[in-house]
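Colleague: Please take a close look at one part of this model and describe its surroundings in a connected account.

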Amino acid sequence: MIDFASVSLESDEIVDFLKREIKLKEVCQNILYQKLINQAAEERDITVSAEEIQAEADKQRHAMRLEKAADTLAWLKEQKMTPDDWEAGIRDRLLAEKLAESLFSEQVEKFFAQNRLEFDQVLLYQIILDDEKLAQEVFYELEEREISFYQAAHLYDINERRRHQCGCEGKLYRWNLKPSIAAVVFGSPLGKVIGPIQTEAGYHILMVEEFIPADLTPQRYQELRDKMFQEWLANELTYMLHN
């Protein structure tokens, strides 16, 4: 293992490397984002306490199994950070989290309520064929129960992955599907063979195994909130750069 703690790099070397890797813009953007976060948090009297920083540090230490202070110091040295650097980074992340929650907690729930249908899911099975006549023949065989959907997918699908998975596409949102297919899929009974439906990809034969109603889970809540927050940051940065 390389001991990075013993390696010395000049600032110019780091900047030049980021330029060559086309990453300098991203780093500068993130620095400006943090400035915007600090400013917005100050305007709203949002702060992070020393106790909150310590709790998050303990959580990270536990996750990395740094149970002893000496282990933590050795890890920080390897990362070329001081304890103050680590705590500053934790503070920045917690501040961003608090600001995002302050700005968008109510908007997430409102957005989800207004767009609930878009978050419905189906557990979908699909066969795609490139020949219309064969697709129609397979569809009739499925309707007459001469072959199972899984066997047909394994035998006829044009996609190797779906053949190996016997047609299973997994859990899909409404917006994962083409509108013409989504309208039929979400209006069909469970287990009914659907199709063939023609798109530029071929002739689709489908079957819904399960409908999964939308639910604002903690994970989905955070995904929506973080997306809104990133869009807000991008807009604020654009405004700052042009005014």
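Modeller: Leaving aside residues up to four places away in sequence, Arg162 touches Gln126, Ile128, Asp157, Gly167 and Glu169, where contact means heavy atoms within 4.5 Å. This is a predicted model, in which local features need pLDDT of at least 70, side-chain atom pairs count only at pLDDT 80 or more, and totals for chains, interfaces and linings use all residues. Residues are numbered from 1 along each chain as its sequence is written, and side-chain values use heavy atoms, with hydrogens and water left out. Arg162 belongs to helix α8 (residues 160–164); helices (H or I, at least four residues) and strands (E, at least two) are DSSP runs numbered from the N terminus. With a relative accessible area of 7%, Arg162 is buried, that is, under 20% (1.4 Å probe, protein chains only).

The sheet is open, with 4 strands in the order β2-β1-β4-β3 and antiparallel pairing; strands pair if DSSP finds at least two bridges between them. β2 (168–173) and β3 (193–199) are its edge strands, each pairing on one side only. Strand β1 (residues 121–129) pairs with β2 over 5 bridges in the antiparallel sense, and Tyr125 has Cys168 in β2 as its bridge partner. Helix α6 (residues 132–143) packs on the sheet, touching β1, β3 and β4 (202–212).

The axes of α6 and helix α7 (residues 149–156) come within 10 Å and cross at roughly 160°; axes are fitted to C-alpha atoms, for helices over the stretch in contact, with angles from 0 to 180 degrees between N-to-C directions. The two helices are therefore roughly antiparallel, the term for angles over 145 degrees. Leu134, Val138, Glu141 and Leu142 of α6 meet Phe149, Ala152 and Tyr156 of α7.

Note on methods
Buried means under 20% relative accessible area, exposed over 50%, partly exposed in between (1.4 Å probe, protein chains only). Angles under 35 degrees count as roughly parallel, over 145 as roughly antiparallel, 65 to 115 as roughly perpendicular and the rest as oblique.
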